[in-house]
Amino acid sequence: MKISDLYCVNENVDLDDYLKLYKSVKDNMESPSWLGDFTKEEIEELLKVGAKIWLYYNNNDLVCSMFMLPSSNKTLNKNNVFYDEKVCASLGPIMVSKNYVGNNLQFQMMEELEKYCKTNNYKYIFTKAASDNKYSLSNMLKFGFKITNEYINERGKNTTLIKEVR
């Protein structure tokens, strides 16, 4: 399956659709803590300060989504990333519906994010993943992300990664 065959909504997204996908993906994950938690209100606030969500549909079926968050110098520096927040986008939750897992969609969404970042003058993409989430980490490393830090929080061991936009 190619992401270009799906219908993408990335302006005025339906947050209820996004949250339904979020819950469905989280409920079907090997380890739900990998995804973390966002409330609708938190997402609305993030969208007001530069966050962006992409929703991909196959007809009326929500297939996958990615969420770009604003970076902060504090978070970047804490994770051994010393680039200015203005040139560093942050890849937040990237999700694929259980019916579409195995179609290389996570990787394709990262390609779309990189195109967006290049067009919008971002030089780097920062992200975090649970260290035991071998699926996401494998895709990120294959895509060219480099590990910058590992740390432990309430969700367990995490890995932070950075990629130069090409």
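Okay, a quick definition before we start: when I say helix, I mean a DSSP run of H or I with at least four residues, numbered from the N terminus. And keep in mind that what we're looking at is a predicted model.

So, let's go to helix H5, residues 134–143.

Now, which residues of H5 are buried? They're Ser-136, Leu-137, Asn-139, Met-140 and Phe-143. If you look down the axis of H5, those buried residues fall within an arc of 165°, so they line one face of the helix. Here's the background for that: an α-helix has 3.6 residues a turn, so residues three or four places apart point the same way. Over on the other side of H5, you'll find Lys-134 and Lys-142, and those are exposed.

What covers the buried residues of H5? The cover includes helix H4 (105–119), plus strand E5 (124–130) and strand E7 (156–164).

Those two strands take us to the sheet. This is an open sheet of seven strands with mixed pairing, and the order goes E1-E2-E3-E4-E5-E7-E6. At the edges sit strand E1 (7–9) and strand E6 (146–153), each pairing on one side only. On average, neighbouring strands in this sheet are turned by 25° against each other, ignoring direction.

Let's finish on E6 and E7. They run antiparallel, with seven bridges joining them.

Technical notes. Residues are numbered from 1 along each chain as its sequence is written. This is a predicted model: local features need pLDDT of at least 70, side-chain atom pairs count only at pLDDT 80 or more; totals for chains, interfaces and linings use all residues. Side-chain values use heavy atoms; hydrogens and water are left out. Buried means under 20% relative accessible area, exposed over 50%, partly exposed in between (1.4 Å probe, protein chains only). The arc is that of the directions from the helix axis to the C-beta atoms. Contact means heavy atoms within 4.5 Å. Two strands pair if DSSP finds at least two bridges between them. Axes are lines fitted to C-alpha atoms, for helices over the stretch in contact, and angles run from 0 to 180 degrees between N-to-C directions.
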